[in-house]
Amino acid sequence: MTRVYSFSAGPAALPLPVLREIQDELLDYQGTGMSIMEMSHRSAAYAQVIEDAEATLRRLLGIPSSYRVLFLQGGATLQFAGIPLNLMRTGHAGYVVSGHFAKLAWQEACRYGQADVLATSEDAGFDRIPDLTGIEAKAAGLDYVYICQNNTIFGTMFSELPRTGATPLVADVSSCFLSTPLDVERYGLIYAGAQKNAGIAGVTVIIVRDDLVDDGPALAACPSYMSYRRQVDAGSMMNTPNTFGIYVCGKVFRWVEEQGGLEAMERVNRQKAALLYNLLDQSEVFTPTAEPASRSIANVTFRCATPELDRAFIEGARERGIEGVKAHRLTGGMRASIYNAVTLEAVEALVAYMEDFERTQRSH
């Protein structure tokens, strides 16, 4: 079997042991005589799957009993609407616009109430996290403050969370979920599309504090299916959930736990990121695109001097069995997404190719 090194931003690499487990169980899940994909979501066997997934996630993150865990469909993008529909009780929220997806979330929230931009780095091309000076004062009295904690496209991430006082902090953590320890109690709600670090496309994990769902949705127009209260009461099963996707999430959560948990994940992730940033900072061919103080440990973005050189690099990577390094269409250039399942060996192979590419270009 020949597998490439995948640096895709999502759907992203999965741990090889998890893929092998899934392969082994695909036709007969633990002696049931059927695939997990054929099994009723109301069966006792499947109830154990989703319960184990939640229990493992709670252990990994230290989720307090005062928070609920949901496994929903619709991708993280659906929550751009779901959050204001559920939480905008006075019709007034605040957004930190640090990248493309944060901007989309803010624009969606404007459909349901007043959504203030509390800080933005758009004028700098989103190459950094915005200046958060005065955020706590601006947050006073708002229904929530929203951030995208890691910006997949632009390769930036918050090194410190904004202080919001009594106002709940809401965070899209899709591309940094499970990559470092996370203090759940600093947030009112966090959510993540699973396809980056937690599983496969089609599942969105939501962790929300009880008091934010107790009274039901903020807006009467909220569709029943998007009501956090209804989904909590139904155990994420108002309709047939993404049974296979939740099953994969559970496998990934177990794998993270077996590696030593989030502290171990962070150590390796920072090691991988350091290899790439050290090369980029010394390079005469590659230019890193994120400001150093805002650099992501999940998505490393860079480019060459010309689009032609970028294309040559991407084509050469493919010839080496290195896939997924082409950056988002909004930015051009390259991006290495080095999520938990991307091995140190994979990053070392990418670094070796980058060094070879640089030597070739400097000799011309």
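The side chains of Thr 289 and Thr 301 make a polar contact of 2.6 Å (a pair of N or O atoms within 3.5 Å; within protein, one must be able to donate a hydrogen and the other to accept it, and residues adjacent in sequence count only if both atoms are side-chain atoms). A polar atom of the Thr 301 side chain also lies 3.4 Å from the backbone oxygen of Phe 154. The model is predicted; local features need pLDDT of at least 70, side-chain atom pairs count only at pLDDT 80 or more, and totals for chains, interfaces and linings use all residues. Residues are numbered from 1 along each chain as its sequence is written, and side-chain values use heavy atoms, without hydrogens and water.

Thr 301 belongs to strand S12, residues 299–303 (strands are DSSP runs of E, at least two residues, and helices runs of H or I, at least four, numbered from the N terminus). Its relative accessible area is 6%, so Thr 301 is buried (under 20%, with a 1.4 Å probe and protein chains only). Leaving aside residues up to four places away in sequence, Thr 301 touches several residues, among them Ile 153, Pro 288 and Met 334 (heavy atoms within 4.5 Å).

Helix H2 covers residues 44–61. Its 18 residues should span 26 Å at 1.5 Å a residue, and the end C-alpha atoms are 26 Å apart, which agrees (the expected span is 1.5 Å times one less than the number of residues). Buried residues of H2 include Tyr 46, Ile 50, Ala 53 and Leu 57. Their cover includes strands S2 and S10 and helices H7 and H8. Gly 62 follows H2 and has a positive phi, near 60 degrees.

Methods
Buried means under 20% relative accessible area, exposed over 50%, partly exposed in between (1.4 Å probe, protein chains only).
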